[in-house]
Amino acid sequence: MEDKTIEKVDFSIEELETNYYECTFDKCNFSDKPIGRVIFEKCTFKECNLSLVKTSNTSWLDVLFTDCKMTGINFSLSNRFGLSVEFHNCLLSYALFTEMKLKGTHFIGCDLQNTDFMETNLSNAVFKDCDLCYASFHHTNLEKADFTTARNYALNPAANRLKKAKFSRYGLEGLLTGLGIEVVD
């Protein structure tokens with residue numbers, strides 16, 4: 001399917017096509033749907049529910065998610081070739097990005113609580129106005145990543161690559177807790 005706007009379709013019931021190019025999904029429901037081997041290229045998802053979607057070999061090529069609910073989605077099962085995604089104002093709590101290559105990915109205004117970024121390449125990523133409470137970072141490449149407006153993160157500098165990453169001085173406590181240092185006012 002090419003250059004279509006798909007509105008208010010319940011894909012938890014309806015079948016998906018195998019290829020979508022420059023399509024917009026508006027207020028669609030994909031929750032708990034296996035969407036394996038589907039290719040989404042240059043697509044936009046607006047106000048969609050993708051919670052607990054099963055992404056086995058799903059391709060996300062230049063895809064924008066805006067105001068979507070994506071709780072528990074496991075992106076690490078997706079096709080990793082050409083993966084390119086961006087998230088604006090999305091609920092991504094309990095999402096899995098383990099061992100993925102997300103270099104330069106933008107997370108803007110997202111809830112990333114309890115999200116797993118272990119062993120992920122997030123170099124040059126941007127976490128603008130994001131809540132990273134209990135997000136997992138271990139052996140994660142965060143070189144040149146921007147955390148200046150992110151909050152509630154806890155990163156262990158000894159267990160992650162942080163060269164030239166940007167942090168606000170108000171968020172430095174999130175770097176020190178991983179070292180067992182207690183910050184007192």
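I started with Asp26, which sits in strand E3 (residues 24-26). My strands are DSSP runs of E with at least two residues, numbered from the N terminus. Before going on I noted that this is a predicted model, where local features need pLDDT of at least 70, side-chain atom pairs count only at pLDDT 80 or more, and totals for chains, interfaces and linings use all residues. Residues are numbered from 1 along each chain as its sequence is written, and side-chain values use heavy atoms, with hydrogens and water left out.

Is Asp26 buried or exposed? I found it buried, because its relative accessible area is 16%. The cut-offs are under 20% for buried, over 50% for exposed and partly exposed in between, with a 1.4 Å probe and protein chains only. Next I looked up contacts, meaning heavy atoms within 4.5 Å. Leaving aside neighbours within four places in sequence, Asp26 is in contact with Ile6, Glu7, Lys8, Lys46 and Cys48.

**Entry: the core**

Phe25 came up again in the largest nonpolar core, which has 53 residues. Along with Phe45, Phe65 and Leu92, Phe25 touches the most other members. E7 and E8 are the elements that give two or more residues to this core. Such a core is a set of buried Ala, Val, Leu, Ile, Met, Phe, Trp, Tyr and Cys residues joined through side-chain atoms within 4.5 Å.

**Entry: strands**

Two strands pair if DSSP finds at least two bridges between them. I traced an open sheet of three strands in the order E2-E4-E6, with parallel pairing. Strand E2 (19-21) and strand E6 (59-61) are the edges, each pairing on one side only. E4 (residues 39-41) pairs with E6 over three bridges, and there I saw Glu41 opposite Leu61.

Then I followed E7 (residues 63-66). Three bridges join it to E5 (residues 44-46), running parallel, with Lys46 opposite Thr66. Four bridges join E7 to E8 (residues 85-88), also parallel, and Val63 has Val85 as its bridge partner.

**Entry: Tyr20**

Tyr20 lies in strand E2 and counts as buried, at 2% relative accessibility. Not counting residues up to four places away in sequence, Tyr20 touches Met1, Ile6, Phe11, Phe25, Val38, Ile39, Phe40, Glu41 and Cys43. I also found its side chain reaching the backbone nitrogen of Glu17 at 2.8 Å.

**Entry: Thr58**

Thr58 is in the loop between E5 and E6. It is buried, with a relative accessible area of 0%. Among the residues Thr58 touches, not counting those up to four places away in sequence, are Ile35, Gly36, Phe40 and Ser78.

**Entry: cysteines**

How many disulfides does the structure hold? I counted zero; the cut-off is a pair of cysteine sulfur atoms within 2.5 Å. Cys28 is buried, at 2% relative accessible area. For Cys133 the closest cysteine sulfur is in Cys130, 13 Å away, so that is too far as well.

Methods
Polar contact = N/O pair within 3.5 Å; in protein donor to acceptor, adjacent residues only side chain to side chain.
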